[in-house]
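Let's take a walk through this structure together, from the overall fold down to a few single residues. Have a look at it first, and then we'll go step by step.

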Amino acid sequence: MKRKVIVSLSWVMVAAVCATIFSFSSNAADDSAAQSGWLRALFEQLFGVGFTEFFVRKLAHISEFAALGFLSTFAFCYTLRNAKRFYLGIAFSLLYAVSDEIHQLYVPGRSGQVRDVFIDLGGILVGAALLGLFYLLYIKLSKRGEKNV
């Protein structure tokens, strides 16, 4: 029963991140620029560096796709029992990144960029790598707990 709940929740979280990304990508260019403007201003105040909107937007790409990479890889790993399950999470996220850029072709003032797919892939790999590190830490701590029993 516990496994079914974890699998269900993990896929709900993947769907939520996908919906969030879709929602952000649905905003017209002016609305999107207004959303990231406050973050750019914050970085300029904190660091005194003229962060451009470009870097803030790309940071957003990396962050949201790192979350998708982490969650989708977790969902595939927990759902499937084959050796390629880790890579399926990465592949799913990459396909979603491609579909996101295609979606942006149809949003006023936005454009789909191959460069953004590569930036998204970087975020996906960061998220998947974090999951892998957490898993290795979990295994290490589990073995330590077994030794103390």
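The protein chain has 5 helices and 0 strands, where helices (H or I, at least four residues) and strands (E, at least two) are DSSP runs, numbered from the N terminus. Read from that end, the order of elements is α-α-α-α-α. Keep in mind that this is a predicted model, in which local features need pLDDT of at least 70, side-chain atom pairs count only at pLDDT 80 or more, and totals for chains, interfaces and linings use all residues. Residues are numbered from 1 along each chain as its sequence is written, and side-chain values use heavy atoms, with hydrogens and water left out.

How much of the chain is tucked away? Of its 149 residues, 30% are buried, meaning under 20% relative accessible area, while exposed means over 50% and partly exposed lies in between (1.4 Å probe, protein chains only). The accessible surface is about 9500 Å², with 71% of that belonging to carbon and sulfur atoms; such areas come from the Shrake-Rupley method with a 1.4 Å probe, and for residues only the protein chains shown count as cover. As for contacts (heavy atoms within 4.5 Å), take those with a separation of 6 or more: 68% of them join residues 24 or more positions apart.

Start with helix 1. Buried along helix 1 are Val7, Ser10, Val14, Val17, Cys18, Ile21 and Ser25.

Two of these, Val14 and Ile21, turn up again in the largest nonpolar core, which has 13 residues; they are among those with the most contacts inside it, along with Phe65, Leu68 and Tyr96. A nonpolar core is a set of buried Ala, Val, Leu, Ile, Met, Phe, Trp, Tyr and Cys residues joined through side-chain atoms within 4.5 Å. Helix 1 (2-26), helix 3 (53-79), helix 4 (85-104) and helix 5 each supply at least two residues of this core. Setting aside neighbours within four places in sequence, Leu68 is in contact with residues including Val14, Ile21, Phe92 and Tyr96.

Now for helix 5 (residues 114-147), where you'll find Asp116. Is Asp116 buried or exposed? Asp116 counts as buried because its relative accessibility is 3%. Beyond neighbours within four places in sequence, Asp116 touches Lys58, His61 and Glu101, all by contact. Tyr138 is also found in helix 5, but counts as exposed, at 55% relative accessibility.
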